[in-house]
Amino acid sequence: MGISVKHISKSYNHVKALKDISFEVKEGELFGLIGPDGAGKTTLFRILTTLLFADEGTVTVAGFDVISEYKNIRSSVGYMPGRFSLYQDLTVEENLDFFATIFGTTIEENYDLIKDIYVQIEPFKDRRAGKLSGGMKQKLALSCALIHKPKVLFLDEPTTGVDPVSRKEFWEMLKRLQHKGITILVSTPYMDEAALCDRIALIQDGKILEIDTPEAIVKHYPKQIYNVSASNMYQLIISLNDYKHNHSVYPFGEFVHYTDRRTDFNPKELKGYLETQSLSNIHIEKTVATIEDTFMELAK
Ligand SMILES: Nc1ncnc2c1ncn2[C@@H]1O[C@H](COP(=O)(O)OP(=O)(O)OP(=O)(O)O)[C@@H](O)[C@H]1O
């Protein structure tokens with residue numbers, strides 16, 4: 001009764017936005033679609049919410065077919081699109097009231113579900129939506145997507161352009177909604193948010209690279225990663241890229257994540273090489289793979 005996607009493909013003229021996508025989201029699961037801009041996430045959301053037809057494949061949401069039973073889907077799902085979807089000239093309260101009315105309900109009837117979120121913007125209920133901050137807009141959009149008590153919630157990049165504190169609060173809210181029994185499909189380009197989902201699908205160029213729990217996905221990383229740092233980060237990256245034994249070199253915060261092609265890699269040898277490159281303060285230590293490392297490896 002969650003979401004079932006089987007062999008979905010979709011093209012826009014010559015652009016193949018989705019290529020044979022299949023996955024299942026279990027009822028009550030918090031499932032993440034993780035991928036960069038242009039991966040096909042929005043296209044997939046539009047198909048799942050009955051706003052766009054796929055060229056091939058079948059999809060059911062909450063047990064309903066997206067084509068023959070689209071009306072049942074529209075009344076049982078909530079959708080928060082990536083771009084701000086609210087009426088800028090209506091106030092906070094008018095927006096919420098509007099969405100409640102088109103779904104044949106009232107704010108009072110479902111206030112319990114949105115209370116946690118809405119109390120934070122209620123002091124601004126007379127402010128026009130267009131005048132809200134990014135974090136407040138996002139809370140209002142989520143309240144509007146929830147006002148008819150959906151069984152399944154679709155959130156397309158809900159935290160893009162939102163400050164780190166609001167992002168953290170937002171994910172805590174999602175967990176609370178999940179505990180109320182709502183199935184959630186959320187997309188994000190932020191790899192750190194992927195770890196907060198029950199399962200994730202890594203998606204790039206319209207294809208799914210891997211689906212699993214975040215823990216299992218990082219365990220599949222095939223190599224030992226090293227954190228490398230030196231006094232001159234820019235030169236360090238150039239030198240590591242020039243090193244003939246490198247397998248991958250990615251800047252990662254204050255370090256560079258390095259993997260070596262050889263099975264008998266000796267960090268001392270790499271240190272010796274870096275010293276010949278006029279680098280100082282060189283540190284090399286083992287580290288564990290993150291979802292970002294796995295994504296980069298699969299996307300290679
Ligand atoms: N209406 C359209 N006409 C032509 N090409 C499109 C259209 N909509 C999307 N595309 C293309 O399809 C591909 C997937 O786009 P989509 O918007 O689904 O990706 P996304 O992962 O949601 O990325 P973004 O976050 O940038 O929207 C991209 O190459 C995009 O340029």
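I take helices as DSSP runs of H or I with at least four residues and strands as E runs of at least two, numbered from the N terminus.

**Entry 1. Overall make-up**

The model I examined is predicted. I counted the secondary structure of the chain and found 11 helices and 14 strands. I then looked up the extent of the chain: its C-alpha atoms fill a box of roughly 70 × 45 × 35 Å along the principal axes. Of the 300 residues, 37% are buried. I also checked the sequence range of the contacts. Among those with a separation of 6 or more, 70% join residues 24 or more positions apart.

**Entry 2. Domains**

I noted two domains in the assignment, domain 1 (3-219) and domain 2 (225-299). Their C-alpha centres lie 37 Å apart. To the contact between them, domain 1 contributes 10 residues and domain 2 contributes eight. I asked which elements give two or more residues to the side of domain 1 that touches domain 2. They are helix 7 (191-194), strand 9 (199-204), strand 10 (207-212) and helix 8 (214-219). Helix 8 supplies the largest share, three residues. By class, I recorded eight nonpolar, one polar and one charged residues on this side of domain 1.

**Entry 3. Shell around the ligand**

I listed the residues around the ligand: Tyr-12, Val-15, Ala-17, Gly-35, Asp-37, Gly-38, Ala-39, Gly-40, Lys-41, Thr-42 and Thr-43. Two elements give two or more residues to this shell, namely strand 2 (15-25) and helix 1 (41-48). Helix 1 gives the most, with three residues. Sorted by class, the shell has four nonpolar, five polar and two charged residues.

**Entry 4. Nonpolar cores**

The largest nonpolar core has 65 residues, and I looked up which of them touch the most other members: Leu-48, Val-61, Phe-154 and Ile-184. Helix 5 provides the largest share of this core, six residues. A second, separate core has 10 residues, including Val-228, Leu-236, Tyr-258 and Leu-274.

I followed Leu-48 further. Leaving aside neighbours within four places in sequence, Leu-48 is in contact with Ile-3, Val-59, Val-61, Val-66 and Phe-154.

**Entry 5. Val-152**

I placed Val-152 in strand 7 (residues 152-156). Is Val-152 buried or exposed? I find 23 C-beta neighbours inside 10 Å; the cut-off for a buried residue is 20 or more, so Val-152 counts as buried. Residues up to four places away in sequence not being counted, Val-152 touches Ile-3, Val-61, Ala-62, Ser-76, Val-77 and Thr-183. I also looked up the distance from Val-152 to Gly-2: the two are 150 residues apart along the chain, and their C-alpha atoms are separated by 7.3 Å.

**Entry 6. Ala-54**

I located Ala-54 in the loop between helix 1 and strand 4 (56-61). Ala-54 is buried because 22 other C-beta atoms lie within 10 Å. Setting aside neighbours within four places in sequence, I found Ala-54 in contact with Ile-8, Ser-9, Lys-10, Ile-47 and Val-59. For Ala-54 and Lys-125, 71 residues apart in sequence, I read a C-alpha to C-alpha distance of 39 Å.

**Entry 7. Helix 4**

In helix 4 (residues 111-118), I found Ile-114, Ile-117 and Tyr-118 buried. Viewed down the axis of helix 4, the buried residues fall within an arc of 85°, so they line one face of the helix. An α-helix has 3.6 residues a turn, so residues three or four places apart point the same way. The exposed residues Asp-112 and Lys-115 are carried by the face of helix 4 turned away from its buried side. I then looked for what covers the buried residues of helix 4; the cover includes helix 5 (134-146) and helix 6 (164-179).

**Entry 8. Helix 9**

I repeated the reading for helix 9 (residues 233-242), where Leu-236, Ser-239 and Leu-240 are buried. These buried residues of helix 9 fall within an arc of 100° seen down its axis, so they line one face of the helix. Turned away from that buried side is a face with the exposed residues Tyr-234, Asn-241 and Asp-242. What do the buried residues of helix 9 pack against? I recorded strand 11 (225-229), strand 12 (246-252), strand 13 (255-260) and helix 10 (267-275).

Definitions and conventions
Residues are numbered from 1 along each chain as its sequence is written. This is a predicted model: local features need pLDDT of at least 70, side-chain atom pairs count only at pLDDT 80 or more; totals for chains, interfaces and linings use all residues. A residue is near a molecule or strand if its C-beta atom, placed from the backbone, lies within 6 Å of it. Ala, Val, Leu, Ile, Met, Phe, Trp, Tyr, Cys and Pro count as nonpolar, Asp, Glu, Lys and Arg as charged, and the others, Gly among them, as polar. Domain bounds come from an automatic or database domain assignment. Two residues are in contact if their C-beta atoms, placed from the backbone, lie within 7 Å. A residue is buried if 20 or more other C-beta atoms lie within 10 Å of its own, exposed if 12 or fewer, and partly exposed in between; C-beta atoms are placed from the backbone. The arc is that of the directions from the helix axis to the C-beta atoms. A nonpolar core is a set of buried Ala, Val, Leu, Ile, Met, Phe, Trp, Tyr and Cys residues joined through C-beta atoms within 7 Å.
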